[in-house]
Amino acid sequence: MIKSFSIGSFIVLCAALIESVILANIMFLPAVPDLVLLCVLFISIHNGRLMGESTGFISGLILDFLSAAPFGLNCLYRTVLGYVGGLFAKTISTEGFFIPMLLGLCASVLKVVSLWLISFLFPASSLAFSPFTWTVLFEIGLNTILAPFMFKFLSLFKKSLLLKPESIS
């Protein structure tokens, strides 16, 4: 479990660096696709709740250090997303094209709803989030389109990312 968690954390770190260093500096993109979200989703669907929520927490911690968001915000909603993705462990096949697209769409919508709920519950914080903008819609579309490609890429690391079936909870 430690080996797959370490490799998953390294993949999430690489995705966070690509997302924040390269994709954030492309001027013609109105929104940046959330590659880290897709990585956490893949890991949680294949490994269960415990691995999903711990990978989600680590990814949120990494993104909290790389972004200007309030500290703990990414940790909170990514841990929840990892747990929810882990609820479907070993029940959903990520092979093909349309199921990963649907999973990417659902995870992106859950991210937007979580961020909106957090900004609604904590109005005095510096987080002002509106889910009804074109950039949010564009990010949801990008995540939906990129999900099958990210899942196919991450399936190259399946042997080192996946836990043994008896250790999945």
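Helix H4 gives the most to the lining of the largest pocket, with four residues. The model is predicted. The pocket holds about 600 Å³ of space. Its lining comprises 23 residues. Glu19, Val32, Tyr77, Lys111 and Glu139 lie nearest the centre. The elements that give two or more residues to this lining are H1, H3 (49–66), H4 (73–86), H5 (98–121) and H6 (134–154).

Two of the residues nearest the pocket centre, Lys111 and Glu139, also form a salt bridge, with the closest N and O atoms 2.6 Å apart. This pair links distant parts of the chain: Glu139 is in helix H6 and Lys111 in helix H5, 28 residues apart. Glu139 is buried, at 18% relative accessible area. Lys111 is also buried, at 9%.

The salt bridges come to four. Another joins Arg78 to Asp34, with a closest N to O distance of 2.8 Å. Arg78 lies in H4 and Asp34 in the loop between H1 and helix H2 (35–47), so the pair ties together parts that are 44 residues apart in sequence. Both residues are buried. Asp34, Arg78, Lys111 and Glu139 are linked in a network of salt bridges.

Lys158 and Glu95 meet in a salt bridge at 3.2 Å, N to O. This pair, too, links distant parts of the chain: Lys158 is in helix H7 (residues 158–161), Glu95 in the loop between H4 and H5, 63 residues apart. Lys158 is partly exposed, with a relative accessible area of 24%. Glu95 is partly exposed as well, at 42%.

The structure holds zero disulfides. Cys39 is in no disulfide, and the nearest cysteine sulfur, that of Cys14, is 9.2 Å away. A disulfide requires sulfur atoms within 2.5 Å. Cys39 is buried, at 1% relative accessibility. For Cys75, the closest cysteine sulfur is in Cys39, 16 Å away, so the two are too far apart for a bond. Cys75 counts as buried, at 7% relative accessibility.

Ile18 is partly exposed, with a relative accessible area of 40%.

Definitions and conventions. Residues numbered from 1 in each chain as written. Predicted model: local features only at pLDDT ≥ 70, side-chain atom pairs only at ≥ 80, totals over all residues. Heavy atoms only, no water. Buried < 20%, exposed > 50% of the residue type's maximum accessible area, 1.4 Å probe, protein only. 1 Å grid on protein atoms, 1.4 Å probe; cavity = no way out; pocket = protein on both sides within 12 Å on 5 of 7 lines; lining within 4 Å. Points joined across faces, edges and corners; volume = space filled by probe spheres on them. Salt bridge = Lys/Arg side-chain N within 4 Å of Asp/Glu carboxyl O.
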